[in-house]
Amino acid sequence: MDKMDLNKLALKLDSAATHALPIRQLSTDNAYNLEDAYEIQRLAIEPRKARGFALIGLKMGFTSVAKMEQMGVHDMIWGRLTADMDIPNHGSTSLAKYIHPRAEPEICFRVAKDIPGEIALEDLDEYVDAIAPAIEIIDSRFEHFKFTLEDVVADNCSSTGLIIGEWQEPSRNIGNLSMQLIFDDKEVAAGSSNDILGDPWKSLQAATRLAAAYNEPIKAGHVIMAGAATAAVFLKPGIEVVAKVEGMEDVAFSVTD
Ligand code: OOG
Ligand code: MG
């Protein structure tokens with residue numbers, strides 16, 4: 001697909017996101033491949049940057065079977081996180097900003113220094129200065145939250161919001177922690193950090209590989225979301241959302257109309 005068409009689709013997605021108005025899956029009316037999809041994603045971030053929202057990191061998606069099964073997409077994907085997506089821990093967000101938002105429990109890495117390329121799993125320590133429990137809010141810009149692999153990649157992997165909990169010393173032993181998503185004191189999803197590729201550090205490793213392959217350098221201070229351990233759950237007005245990761249402080253936010 002030529003550059004002009006890719007940019008047209010990128011602007012369409014940016015407009016759907018900013019107006020919280022769903023659009024048809026791009027794949028319904030356009031033939032495009034995965035490479036095009038990542039280019040659409042990149043182009044769709046440009047207007048956000050122009051509005052003053054810097055890149056703050058990357059996210060990994062479909063790193064757990066629970067997520068792949070829920071959405072019917074079975075390949076790992078990655079997307080970009082920008083400053084406008086950041087919601088403070090114990091803060092609140094309004095449903096009016098979204099189309100059909102869902103929440104999912106995650107683990108987040110904070111990057112200590114610029115990552116020069118793909119890093120081997122055993123060498124990742126020096127690039128990470130903290131880890132935290134996190135919640136991701138995802139909101140597909142496509143009707144009915146339905147998409148192909150290419151569609152979801154073009155749509156920046158449904159990235160919409162993130163809430164990062166208290167940062168703590170990084171540990172290599174985070175492969176077997178229970179993870180829960182709680183709405184108003186009731187558990188709505190549960191899994192283990194083990195569900196994230198067997199070990200969330202493997203997700204960070206994959207992020208370094210993909211960032212290098214797609215020429216989107218990971219920089220000091222960036223945050224990397226490892227992907228959800230459980231299926232995502234639709235938000236409702238008035239609820240308090242909490243994620244619990246074993247051995248970490250709770251991370252939470254509330255939802256207004
Ligand atoms: C795509 C985003 C996937 C994850 O953590 O697996 C993702 C979606 O489910 O809409 O963020
Ligand atoms: Mg996610």
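The legends below describe close-up views of a predicted model.

Residues are numbered from 1 along each chain as its sequence is written, and chains are lettered from A and ligands numbered from 1 in the order in which they are written. Local features need pLDDT of at least 70, side-chain atom pairs count only at pLDDT 80 or more, and totals for chains, interfaces and linings use all residues, while side-chain values use heavy atoms, with hydrogens and water left out.

**View 1**
Glutamate 104 counts as buried because its relative accessibility is 3%. Glutamate 106 is also buried, at 0%. Buried means under 20% relative accessible area, exposed over 50%, and partly exposed in between (1.4 Å probe, protein chains only).

Helices (H or I, at least four residues) and strands (E, at least two) are DSSP runs, numbered from the N terminus. The 17 residues of helix 1 should span 24 Å at 1.5 Å a residue, and the end C-alpha atoms are 24 Å apart, which agrees. The expected span is 1.5 Å times one less than the number of residues. Leu6, Leu9, Ala10, Leu13, Asp14, Ala16 and Ala17 are the buried residues of helix 1. Met4, Lys8 and His19 are exposed, on the face turned away from the buried side.

**View 1. Aspartate 14 in helix 1.**
With a relative accessible area of 9%, aspartate 14 is buried. Glutamine 41 is 27 residues from aspartate 14 in sequence, and their C-alpha atoms are 9.6 Å apart in space.

**View 2. The largest pocket, with about 290 Å³ of space.**
Of its 17 lining residues, Ala17, Arg48, Asp84, Lys97 and Thr160 are the closest to the centre. On a 1 Å grid over the protein atoms alone, a pocket is an open set of points with protein on both sides within 12 Å along at least five of seven lines, a cavity is a set where a 1.4 Å probe fits but cannot get out, and lining residues have an atom within 4 Å of a point. Grid points are joined across faces, edges and corners, and a volume is the space filled by probe spheres set on the points.

**View 3. The largest cavity, with about 100 Å³ of space.**
Lys59, Phe62, Lys67, Ile138 and Cys157 are the closest to its centre among 17 lining residues. Strand 1 (55-61), helix 4 (65-71), strand 5 (102-111) and strand 6 (128-138) each give two or more residues to the lining. Strand 1 has the largest share, three residues.

**View 4. The second largest cavity, with about 90 Å³ of space.**
The residues that line this cavity include Leu13, Asp14, Ala17, Arg48 and Arg141. Helix 1 and helix 3 (34-50) each supply at least two residues of the lining.
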